[in-house]
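Colleague: I would like to learn how to read a model like this one feature by feature. Could you take me through it slowly, giving the general idea before each case?

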Amino acid sequence: MDFFFVEYRDPLTGLIFLTILIFIVAVANYAWEFFSKKDKKQKLEQFIKKFEKDTIYKGLFVNERLSLSNLYFLAEIFTKSGEFEKAVQIYLIALEKTKKKDEQEFLFLALAQVYFKAGFLERTREVLFNVLKISPRNKQALKILKIVHFKLKNHKENLEILECLFELGEKVDEEKEFIKALQILECNMNDEEKKQKLVRLQLQENSMLKRLLFERYHLFFEQEFSNIIDLLYQETQPLNIHNQEYREFFYALGKIQDKVMNFHNSHCKMFSILCQNGFKASFEFSYSCTECKSTMPLFFYHCPVCYEFNTCKILYEVKNNENY
Ligand SMILES: [Zn+2]
(Lines give C-alpha, C1' and ligand atoms only; values in the text may rest on other atoms or scores of the structure.)
Protein backbone atom coordinates (compact mmCIF):
# COMPACT_ATOMS: atom_id res chain seq x y z
CA MET A 1 0.00 0.00 0.00
CA ASP A 2 2.96 2.33 0.71
CA PHE A 3 3.55 2.43 -3.01
CA PHE A 4 0.48 4.68 -3.47
CA PHE A 5 1.70 7.33 -1.02
CA VAL A 6 3.83 9.05 -3.61
CA GLU A 7 4.65 12.02 -1.35
CA TYR A 8 7.00 9.81 0.72
CA ARG A 9 8.95 8.80 -2.36
CA ASP A 10 10.92 10.54 -5.02
CA PRO A 11 8.55 13.27 -6.48
CA LEU A 12 9.68 12.46 -10.03
CA THR A 13 8.77 8.74 -9.61
CA GLY A 14 5.36 9.78 -8.23
CA LEU A 15 4.75 12.05 -11.21
CA ILE A 16 5.67 9.29 -13.67
CA PHE A 17 3.39 6.86 -11.85
CA LEU A 18 0.51 9.36 -11.92
CA THR A 19 0.99 9.98 -15.66
CA ILE A 20 0.97 6.21 -16.36
CA LEU A 21 -2.17 5.82 -14.26
CA ILE A 22 -3.98 8.61 -16.18
CA PHE A 23 -2.87 7.05 -19.47
CA ILE A 24 -4.20 3.60 -18.45
CA VAL A 25 -7.57 5.08 -17.38
CA ALA A 26 -7.85 7.06 -20.65
CA VAL A 27 -7.04 3.97 -22.77
CA ALA A 28 -9.51 1.82 -20.80
CA ASN A 29 -12.23 4.46 -21.20
CA TYR A 30 -11.58 4.77 -24.94
CA ALA A 31 -11.67 0.97 -25.34
CA TRP A 32 -14.93 0.74 -23.35
CA GLU A 33 -16.57 3.45 -25.48
CA PHE A 34 -15.32 1.83 -28.67
CA PHE A 35 -16.70 -1.61 -27.81
CA SER A 36 -19.91 -0.17 -26.37
CA LYS A 37 -20.57 1.75 -29.62
CA LYS A 38 -19.71 -1.34 -31.63
CA ASP A 39 -22.09 -3.42 -29.54
CA LYS A 40 -24.91 -0.88 -29.98
CA LYS A 41 -24.24 -0.72 -33.74
CA GLN A 42 -24.35 -4.52 -33.95
CA LYS A 43 -27.62 -4.60 -32.00
CA LEU A 44 -29.15 -2.01 -34.35
CA GLU A 45 -27.94 -3.97 -37.40
CA GLN A 46 -29.40 -7.17 -35.96
CA PHE A 47 -32.68 -5.39 -35.30
CA ILE A 48 -32.84 -4.03 -38.85
CA LYS A 49 -31.94 -7.41 -40.36
CA LYS A 50 -34.70 -9.06 -38.37
CA PHE A 51 -37.44 -6.96 -39.93
CA GLU A 52 -35.95 -6.06 -43.27
CA LYS A 53 -37.21 -7.63 -46.44
CA ASP A 54 -35.63 -7.24 -49.84
CA THR A 55 -38.01 -5.39 -52.08
CA ILE A 56 -37.61 -3.76 -55.45
CA TYR A 57 -37.87 -0.37 -53.70
CA LYS A 58 -34.89 -0.93 -51.41
CA GLY A 59 -32.34 0.14 -54.02
CA LEU A 60 -34.32 3.29 -54.68
CA PHE A 61 -34.55 4.37 -51.04
CA VAL A 62 -30.91 3.58 -50.19
CA ASN A 63 -29.88 6.37 -52.59
CA GLU A 64 -27.31 8.60 -50.80
CA ARG A 65 -28.99 11.79 -52.01
CA LEU A 66 -32.25 11.01 -50.20
CA SER A 67 -32.10 12.98 -46.96
CA LEU A 68 -33.69 11.74 -43.73
CA SER A 69 -36.46 14.35 -43.95
CA ASN A 70 -37.31 13.20 -47.50
CA LEU A 71 -37.29 9.56 -46.42
CA TYR A 72 -39.59 10.43 -43.54
CA PHE A 73 -41.89 12.34 -45.91
CA LEU A 74 -42.11 9.34 -48.26
CA ALA A 75 -42.73 6.93 -45.38
CA GLU A 76 -45.56 9.11 -44.10
CA ILE A 77 -47.21 9.13 -47.54
CA PHE A 78 -46.95 5.32 -47.75
CA THR A 79 -48.35 4.97 -44.23
CA LYS A 80 -51.33 7.18 -45.09
CA SER A 81 -52.05 5.17 -48.23
CA GLY A 82 -51.85 1.91 -46.27
CA GLU A 83 -48.64 0.71 -47.95
CA PHE A 84 -47.12 -0.26 -44.63
CA GLU A 85 -44.43 -2.59 -45.96
CA LYS A 86 -42.83 0.23 -47.99
CA ALA A 87 -43.06 2.61 -45.01
CA VAL A 88 -41.33 0.04 -42.77
CA GLN A 89 -38.60 -0.46 -45.38
CA ILE A 90 -37.93 3.28 -45.52
CA TYR A 91 -37.73 3.67 -41.74
CA LEU A 92 -35.30 0.74 -41.50
CA ILE A 93 -33.09 2.31 -44.20
CA ALA A 94 -33.26 5.67 -42.42
CA LEU A 95 -32.20 3.96 -39.18
CA GLU A 96 -29.15 2.54 -40.96
CA LYS A 97 -28.23 6.03 -42.15
CA THR A 98 -28.21 7.82 -38.81
CA LYS A 99 -26.10 7.52 -35.69
CA LYS A 100 -27.73 10.39 -33.78
CA LYS A 101 -29.72 9.26 -30.75
CA ASP A 102 -32.54 11.79 -31.17
CA GLU A 103 -33.02 10.83 -34.83
CA GLN A 104 -33.01 7.13 -33.94
CA GLU A 105 -35.60 7.76 -31.22
CA PHE A 106 -37.81 9.64 -33.69
CA LEU A 107 -37.47 6.93 -36.38
CA PHE A 108 -38.12 4.04 -33.97
CA LEU A 109 -41.26 5.82 -32.78
CA ALA A 110 -42.46 6.38 -36.35
CA LEU A 111 -41.71 2.71 -37.17
CA ALA A 112 -43.65 1.56 -34.11
CA GLN A 113 -46.64 3.61 -35.26
CA VAL A 114 -46.57 1.96 -38.70
CA TYR A 115 -46.45 -1.52 -37.15
CA PHE A 116 -49.26 -0.52 -34.81
CA LYS A 117 -51.43 0.73 -37.68
CA ALA A 118 -50.70 -2.45 -39.64
CA GLY A 119 -51.83 -4.49 -36.60
CA PHE A 120 -48.47 -6.07 -35.68
CA LEU A 121 -48.71 -5.63 -31.92
CA GLU A 122 -45.70 -7.72 -30.88
CA ARG A 123 -43.44 -5.92 -33.35
CA THR A 124 -44.81 -2.57 -32.17
CA ARG A 125 -43.91 -3.53 -28.62
CA GLU A 126 -40.39 -4.57 -29.61
CA VAL A 127 -39.75 -1.32 -31.51
CA LEU A 128 -41.14 0.76 -28.65
CA PHE A 129 -38.66 -0.84 -26.27
CA ASN A 130 -35.91 0.59 -28.51
CA VAL A 131 -37.45 4.07 -28.15
CA LEU A 132 -37.62 3.68 -24.38
CA LYS A 133 -34.03 2.43 -24.21
CA ILE A 134 -32.94 5.74 -25.75
CA SER A 135 -35.46 7.88 -23.88
CA PRO A 136 -37.32 6.21 -20.96
CA ARG A 137 -39.46 9.35 -20.52
CA ASN A 138 -40.91 9.36 -24.05
CA LYS A 139 -44.62 9.88 -23.29
CA GLN A 140 -45.79 9.10 -26.81
CA ALA A 141 -44.01 5.72 -26.78
CA LEU A 142 -45.49 4.91 -23.35
CA LYS A 143 -48.97 5.82 -24.58
CA ILE A 144 -48.73 3.55 -27.63
CA LEU A 145 -47.26 0.77 -25.49
CA LYS A 146 -50.24 1.24 -23.16
CA ILE A 147 -52.66 0.66 -26.07
CA VAL A 148 -50.66 -2.37 -27.25
CA HIS A 149 -51.00 -3.91 -23.78
CA PHE A 150 -54.66 -2.89 -23.72
CA LYS A 151 -55.26 -4.79 -26.97
CA LEU A 152 -53.21 -7.77 -25.79
CA LYS A 153 -55.19 -7.69 -22.50
CA ASN A 154 -51.97 -7.40 -20.47
CA HIS A 155 -53.64 -5.34 -17.76
CA LYS A 156 -50.89 -5.74 -15.15
CA GLU A 157 -48.29 -4.29 -17.56
CA ASN A 158 -50.77 -1.58 -18.49
CA LEU A 159 -51.09 -0.49 -14.85
CA GLU A 160 -47.28 -0.29 -14.62
CA ILE A 161 -47.16 1.98 -17.68
CA LEU A 162 -49.89 4.17 -16.20
CA GLU A 163 -47.74 4.48 -13.09
CA CYS A 164 -44.84 5.72 -15.27
CA LEU A 165 -47.15 8.22 -17.00
CA PHE A 166 -48.35 9.41 -13.59
CA GLU A 167 -44.71 10.03 -12.61
CA LEU A 168 -44.39 12.11 -15.78
CA GLY A 169 -47.32 14.31 -14.70
CA GLU A 170 -50.16 12.68 -16.65
CA LYS A 171 -53.64 12.41 -15.13
CA VAL A 172 -54.30 8.65 -15.00
CA ASP A 173 -56.52 8.01 -11.94
CA GLU A 174 -59.72 7.29 -13.89
CA GLU A 175 -57.93 5.14 -16.44
CA LYS A 176 -56.28 3.07 -13.70
CA GLU A 177 -59.68 2.27 -12.19
CA PHE A 178 -60.97 1.43 -15.67
CA ILE A 179 -58.10 -1.03 -16.25
CA LYS A 180 -58.69 -2.57 -12.81
CA ALA A 181 -62.33 -3.11 -13.88
CA LEU A 182 -61.14 -4.92 -17.03
CA GLN A 183 -58.91 -7.10 -14.84
CA ILE A 184 -61.93 -8.02 -12.71
CA LEU A 185 -64.08 -8.70 -15.79
CA GLU A 186 -61.52 -11.23 -17.02
CA CYS A 187 -61.09 -12.96 -13.65
CA ASN A 188 -62.26 -16.50 -13.13
CA MET A 189 -65.27 -15.60 -10.94
CA ASN A 190 -69.01 -15.71 -11.30
CA ASP A 191 -70.90 -12.58 -12.37
CA GLU A 192 -72.17 -11.78 -8.86
CA GLU A 193 -68.65 -11.83 -7.40
CA LYS A 194 -67.42 -9.65 -10.27
CA LYS A 195 -70.22 -7.12 -9.71
CA GLN A 196 -69.39 -6.91 -5.99
CA LYS A 197 -65.77 -6.16 -6.80
CA LEU A 198 -66.61 -3.70 -9.58
CA VAL A 199 -68.87 -1.50 -7.45
CA ARG A 200 -66.04 -1.11 -4.92
CA LEU A 201 -63.87 0.69 -7.49
CA GLN A 202 -63.58 4.48 -7.49
CA LEU A 203 -66.67 5.24 -9.58
CA GLN A 204 -67.12 8.88 -8.69
CA GLU A 205 -66.50 11.26 -11.60
CA ASN A 206 -65.42 8.27 -13.70
CA SER A 207 -67.86 8.37 -16.60
CA MET A 208 -66.04 5.71 -18.65
CA LEU A 209 -66.08 3.21 -15.80
CA LYS A 210 -69.80 3.90 -15.20
CA ARG A 211 -70.47 3.38 -18.90
CA LEU A 212 -68.51 0.11 -18.89
CA LEU A 213 -70.54 -1.23 -15.94
CA PHE A 214 -73.79 -0.22 -17.61
CA GLU A 215 -72.71 -1.76 -20.90
CA ARG A 216 -71.53 -5.06 -19.40
CA TYR A 217 -73.84 -5.63 -16.42
CA HIS A 218 -76.59 -3.04 -16.82
CA LEU A 219 -75.45 -1.49 -13.53
CA PHE A 220 -76.67 2.09 -13.63
CA PHE A 221 -74.93 4.86 -11.70
CA GLU A 222 -76.11 8.45 -12.03
CA GLN A 223 -74.21 9.97 -14.89
CA GLU A 224 -74.35 12.48 -17.73
CA PHE A 225 -77.02 11.58 -20.27
CA SER A 226 -74.66 12.56 -23.10
CA ASN A 227 -72.17 9.82 -22.11
CA ILE A 228 -74.57 6.91 -22.62
CA ILE A 229 -77.29 8.16 -24.99
CA ASP A 230 -76.39 5.50 -27.60
CA LEU A 231 -76.79 2.75 -24.98
CA LEU A 232 -80.05 4.26 -23.73
CA TYR A 233 -81.40 4.10 -27.29
CA GLN A 234 -81.25 0.28 -27.01
CA GLU A 235 -83.18 0.21 -23.72
CA THR A 236 -86.64 -1.32 -23.72
CA GLN A 237 -87.67 0.29 -20.41
CA PRO A 238 -87.31 3.97 -19.40
CA LEU A 239 -84.54 4.72 -16.95
CA ASN A 240 -83.65 7.50 -14.52
CA ILE A 241 -86.66 9.59 -15.61
CA HIS A 242 -86.47 11.96 -12.64
CA ASN A 243 -83.69 13.56 -14.71
CA GLN A 244 -85.12 15.97 -17.31
CA GLU A 245 -82.77 14.90 -20.13
CA TYR A 246 -83.54 11.22 -19.64
CA ARG A 247 -87.24 12.01 -19.36
CA GLU A 248 -87.35 13.95 -22.64
CA PHE A 249 -85.46 11.19 -24.43
CA PHE A 250 -87.71 8.37 -23.27
CA TYR A 251 -90.80 10.51 -23.93
CA ALA A 252 -89.62 11.09 -27.53
CA LEU A 253 -89.09 7.33 -27.93
CA GLY A 254 -92.68 6.78 -26.75
CA LYS A 255 -91.60 4.91 -23.62
CA ILE A 256 -93.29 7.27 -21.14
CA GLN A 257 -96.63 9.05 -21.46
CA ASP A 258 -96.56 12.65 -20.19
CA LYS A 259 -99.43 14.94 -21.10
CA VAL A 260 -97.13 17.78 -22.13
CA MET A 261 -93.36 17.84 -22.54
CA ASN A 262 -91.39 21.07 -22.53
CA PHE A 263 -88.41 20.02 -24.59
CA HIS A 264 -84.96 21.47 -23.99
CA ASN A 265 -83.28 19.00 -26.34
CA SER A 266 -84.15 19.97 -29.95
CA HIS A 267 -83.22 16.50 -31.28
CA CYS A 268 -85.66 14.83 -28.93
CA LYS A 269 -88.32 17.38 -29.89
CA MET A 270 -87.79 16.72 -33.59
CA PHE A 271 -87.90 12.95 -33.04
CA SER A 272 -91.11 13.27 -31.07
CA ILE A 273 -92.83 15.50 -33.69
CA LEU A 274 -91.86 13.17 -36.55
CA CYS A 275 -93.10 10.06 -34.75
CA GLN A 276 -96.37 11.68 -33.63
CA ASN A 277 -97.09 12.70 -37.23
CA GLY A 278 -96.64 9.29 -38.79
CA PHE A 279 -93.03 9.60 -39.97
CA LYS A 280 -90.41 7.00 -39.30
CA ALA A 281 -87.51 8.52 -37.38
CA SER A 282 -84.32 7.17 -35.92
CA PHE A 283 -81.34 8.44 -33.97
CA GLU A 284 -77.98 8.02 -35.65
CA PHE A 285 -74.74 8.16 -33.70
CA SER A 286 -71.14 8.95 -34.50
CA TYR A 287 -68.17 9.35 -32.16
CA SER A 288 -65.67 12.17 -32.16
CA CYS A 289 -62.39 12.48 -30.25
CA THR A 290 -62.21 15.75 -28.30
CA GLU A 291 -58.41 15.59 -28.45
CA CYS A 292 -57.54 14.88 -32.13
CA LYS A 293 -61.03 15.53 -33.64
CA SER A 294 -61.10 12.16 -35.46
CA THR A 295 -64.59 10.76 -36.06
CA MET A 296 -65.35 7.04 -35.70
CA PRO A 297 -68.46 4.94 -36.38
CA LEU A 298 -68.15 3.09 -33.05
CA PHE A 299 -67.71 4.14 -29.44
CA PHE A 300 -64.13 4.04 -28.08
CA TYR A 301 -62.74 4.15 -24.55
CA HIS A 302 -59.27 4.89 -25.97
CA CYS A 303 -59.05 6.94 -29.15
CA PRO A 304 -57.71 4.69 -31.94
CA VAL A 305 -55.89 7.67 -33.50
CA CYS A 306 -54.32 9.66 -30.64
CA TYR A 307 -54.62 6.86 -27.98
CA GLU A 308 -56.04 9.21 -25.31
CA PHE A 309 -58.48 7.84 -22.75
CA ASN A 310 -61.96 9.27 -22.19
CA THR A 311 -62.00 11.64 -25.14
CA CYS A 312 -65.01 10.15 -26.95
CA LYS A 313 -67.85 12.61 -27.55
CA ILE A 314 -71.10 11.04 -28.72
CA LEU A 315 -72.65 12.97 -31.61
CA TYR A 316 -76.22 12.25 -32.62
CA GLU A 317 -78.79 13.40 -35.08
CA VAL A 318 -82.34 12.51 -36.02
CA LYS A 319 -82.87 10.87 -39.40
CA ASN A 320 -86.22 11.05 -41.09
CA ASN A 321 -86.64 7.77 -42.90
CA GLU A 322 -89.42 6.90 -45.34
CA ASN A 323 -93.13 7.29 -44.49
CA TYR A 324 -95.01 4.48 -42.83
ZN1 LIG B 1 -58.00 11.12 -30.59
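Modeller: The structure holds 21 aromatic pairs, where rings of Phe, Tyr and Trp (its six-membered ring) pair if their centres lie within 6.5 Å, and planes under 30 degrees apart count as stacked, over 60 as edge-to-face and the rest as tilted. The rings of Phe214 and Phe220 are edge-to-face, because their centres are 5.9 Å apart and their planes stand at 75°. Before we go on, note that this is a predicted model, in which local features need pLDDT of at least 70 and side-chain atom pairs count only at pLDDT 80 or more, while totals for chains, interfaces and linings use all residues. Residues are numbered from 1 along each chain as its sequence is written, and side-chain values use heavy atoms, with hydrogens and water left out.

Colleague: Which residues form one aromatic cluster?

Modeller: The members of that cluster include Phe214, Phe220, Phe225, Tyr233 and Tyr316.

Colleague: How do β1 and β2 run where they are joined?

Modeller: Two strands pair if DSSP finds at least two bridges between them. Here 2 bridges join β1 to β2, and the strands run antiparallel. Tyr287, which we met in the aromatic pair with Phe299, stands opposite Met296 in β2. The hairpin of β1 and β2 has 5 residues between the strands, and in this hairpin Lys293 takes a positive phi near 70°.

Colleague: Which residues are the protein donors of the zinc ion?

Modeller: Donors are N, O and S atoms within 2.8 Å of the metal (3.2 Å for Na, K and Ca), and water is not among the atoms, so sites may look incomplete. For the zinc ion, the protein donors are the SG atoms of Cys289, Cys292, Cys303 and Cys306, at 2.2 to 2.3 Å, and along the chain they follow the spacing C-x2-C-x10-C-x2-C. Cys292 sits in the loop between β1 (279–289) and β2 (295–296), and Cys306 in the loop between β2 and β3 (312–323), so that this pair links distant parts of the chain, 14 residues apart. Cys292 is partly exposed at 28% relative accessible area, while Cys306 counts as buried at 16%.

Colleague: What is the geometry of the site of the zinc ion?

Modeller: Ideal angles at a metal are 109.5 degrees for four tetrahedral donors. Four donors count as tetrahedral if all angles lie between 85 and 135 degrees, and with angles of 106 to 116° among its 4 donor atoms the site of the zinc ion is tetrahedral.

Colleague: How many salt bridges does the structure hold?

Modeller: A salt bridge is a side-chain nitrogen of Lys or Arg within 4 Å of a carboxyl oxygen of Asp or Glu, and the structure holds 13 of them. In one of these, Glu83 meets Lys86, with the closest N and O atoms 2.5 Å apart; Glu83 is partly exposed at 33% relative accessibility, whereas Lys86 is buried at 17%. Another joins the side chains of Glu163 and Lys176 at 3.0 Å, N to O. Glu163 lies in helix α8 (residues 155–167) and Lys176 in helix α9 (residues 173–185), so the pair ties together parts that are 13 residues apart in sequence.

Colleague: How many residues of α4 are buried?

Modeller: Helix α4 (residues 84–97) is mostly covered, with 10 of its 14 residues buried, including Lys86, Ile90 and Leu92.

Technical notes: Tetrahedral: all angles 85-135°; square planar, octahedral: opposite > 155°, others 65-115°. Helix = DSSP H or I, 4+ residues; strand = E, 2+ residues; numbered from the N terminus. Buried < 20%, exposed > 50% of the residue type's maximum accessible area, 1.4 Å probe, protein only. Expected span 1.5 Å × (residues − 1).
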